[in-house]
Amino acid sequence: MVSADQIRTAVGIIGNAISFILFLSPMPTFYRICKNKYVEHFSVVPYVATLLNCMLWVLYGLPFVKPNSTLIITINGAGTVIELIYIFIYLLYSDGSRRIKALLLLFTDIAFIVIVAAIVLSIFKSHERRTLIVGILCIIFCIMMYASPLSIMKRVIRTKSTEYMPLYLSIAYFFNGLCWTTYSLIHLDINLTIPNAIGLLFAIAQLLLHAIYNKSTKQQSNEGKNEVTLSEVNITH
């Protein structure tokens, strides 16, 4: 018979795989930056914020904070490395105030993690207290990360188009939230449950928007193609 621990491990491995794919989703953006050798209008903030979130979860999963959290460490450790690569590329192809801003944000992230780790390890001696303090910080920053697509969702409702909210990402966010919520509920870890359950709700909301505005998105896309074709005919004549 399959045990709860085995199910939890399997769900966690699937969650790791989906999260890894999500970490790689900005690759087309950075391929474009490398190709053009310029960051254009892209902001470094989402990647610095994701880096901070990953580093907090790595701290949370360490044996002296939350024992037996290997799967949390593996995926967030990978996320930390990936986000650092993104930020390095951004620094390489940015200049002036943008580069200074990116460096300041990066150093702020690192300083924040060092300070949190030093305080938690020096003041709080039990795993329970350390888990509580770091867990609260993880919840706060993770909810902020999950809430970031709200502006895109607002745009979808305003324009009645899901053009800037890819369906594959919404599906990936849904299964990511589902896996990690399930993982956290098998052996209840409220610090994992709260942010991932909220992330799951946001993903469901995105999928509902895709269902509602699927037809109007196609109509707008077809109208855009027709306008391009008409303009080409006018130019030809």
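Modeller: Let us begin with the handedness of a helix crossing. In this predicted model, helix 4 and helix 5 cross in a left-handed manner.

Biologist: At what angle do helix 4 and helix 5 pack, and how far apart are their axes?

Modeller: Two packed helices are described by the angle between their axes and the distance between those axes. For helix 4 and helix 5 (residues 96–123), the angle is about 155° and the axes are 9 Å apart. Angles over 145 degrees count as roughly antiparallel, and helix 4 and helix 5 are therefore roughly antiparallel to each other.

Biologist: Which residues in helix 4 and helix 5 meet?

Modeller: Helix 4 contributes Leu84, Ile87, Tyr90, Leu91 and Leu92, and these meet Arg98, Arg99, Ala102, Leu103 and Leu106 in helix 5. By residue class, this contact divides into 8 nonpolar, no polar and 2 charged residues.

Biologist: How should I read the pair formed by helix 2 and helix 4, roughly parallel or roughly antiparallel?

Modeller: The axes of helix 2 (residues 27–36) and helix 4 (residues 70–93) come within 10 Å and cross at roughly 25°. Angles under 35 degrees count as roughly parallel, so helix 2 and helix 4 are roughly parallel to each other. Their crossing is left-handed. The contact involves Met27, Phe30, Ile33 and Cys34 of helix 2, together with Tyr86, Ile89, Tyr90 and Tyr93 of helix 4. The residues of this contact divide into 8 nonpolar, no polar and no charged.

Biologist: Let us turn to single residues. Is asparagine 16 buried or exposed?

Modeller: A residue counts as buried when its relative accessible area is under 20%. Asparagine 16 has a relative accessibility of 13%, and therefore counts as buried. This residue is placed in helix 1, and its side chain is joined to that of threonine 74 by a polar contact of 2.8 Å. Leaving aside neighbours within four places in sequence, asparagine 16 is in contact with Leu71, Thr74, Ile75 and Trp180.

Biologist: What are the polar contacts of the side chain of serine 19?

Modeller: Serine 19 also lies in helix 1. A polar atom of its side chain lies 2.9 Å from the backbone oxygen of glycine 15, and the side chain of serine 19 makes a polar contact of 3.0 Å with the side chain of tryptophan 180. With a relative accessibility of 9%, serine 19 counts as buried. Beyond its neighbours within four places in sequence, serine 19 is in contact with Ile75, Asn176 and Trp180.

Biologist: How many residues separate aspartate 5 from histidine 187 in sequence?

Modeller: Aspartate 5 and histidine 187 are 182 residues apart in sequence, and their C-alpha atoms are 8.2 Å apart in space. The two side chains make a polar contact of 2.4 Å. Aspartate 5 is found in helix 1 (residues 4–24) and is partly exposed, with a relative accessible area of 46%.

Biologist: What does the secondary structure of the protein chain come to?

Modeller: The protein chain has 9 helices and 0 strands. Its C-alpha atoms fill a box of roughly 80 × 50 × 30 Å along the principal axes. Of the 237 residues in the protein chain, 41% are buried. Among contacts between residues at least 6 apart in sequence, 78% join residues at least 24 apart.

Definitions and conventions:
Residues are numbered from 1 along each chain as its sequence is written. This is a predicted model: local features need pLDDT of at least 70, side-chain atom pairs count only at pLDDT 80 or more; totals for chains, interfaces and linings use all residues. Side-chain values use heavy atoms; hydrogens and water are left out. Axes are lines fitted to C-alpha atoms, for helices over the stretch in contact, and angles run from 0 to 180 degrees between N-to-C directions. Helices (H or I, at least four residues) and strands (E, at least two) are DSSP runs, numbered from the N terminus. Angles under 35 degrees count as roughly parallel, over 145 as roughly antiparallel, 65 to 115 as roughly perpendicular and the rest as oblique. A crossing is left-handed if the near helix is turned anticlockwise from the far one by less than a right angle, and right-handed if clockwise. Contact means heavy atoms within 4.5 Å. Ala, Val, Leu, Ile, Met, Phe, Trp, Tyr, Cys and Pro count as nonpolar, Asp, Glu, Lys and Arg as charged, and the others, Gly among them, as polar. Buried means under 20% relative accessible area, exposed over 50%, partly exposed in between (1.4 Å probe, protein chains only). A polar contact is a pair of N or O atoms within 3.5 Å; within protein, one must be able to donate a hydrogen and the other to accept it, and residues adjacent in sequence count only if both atoms are side-chain atoms.
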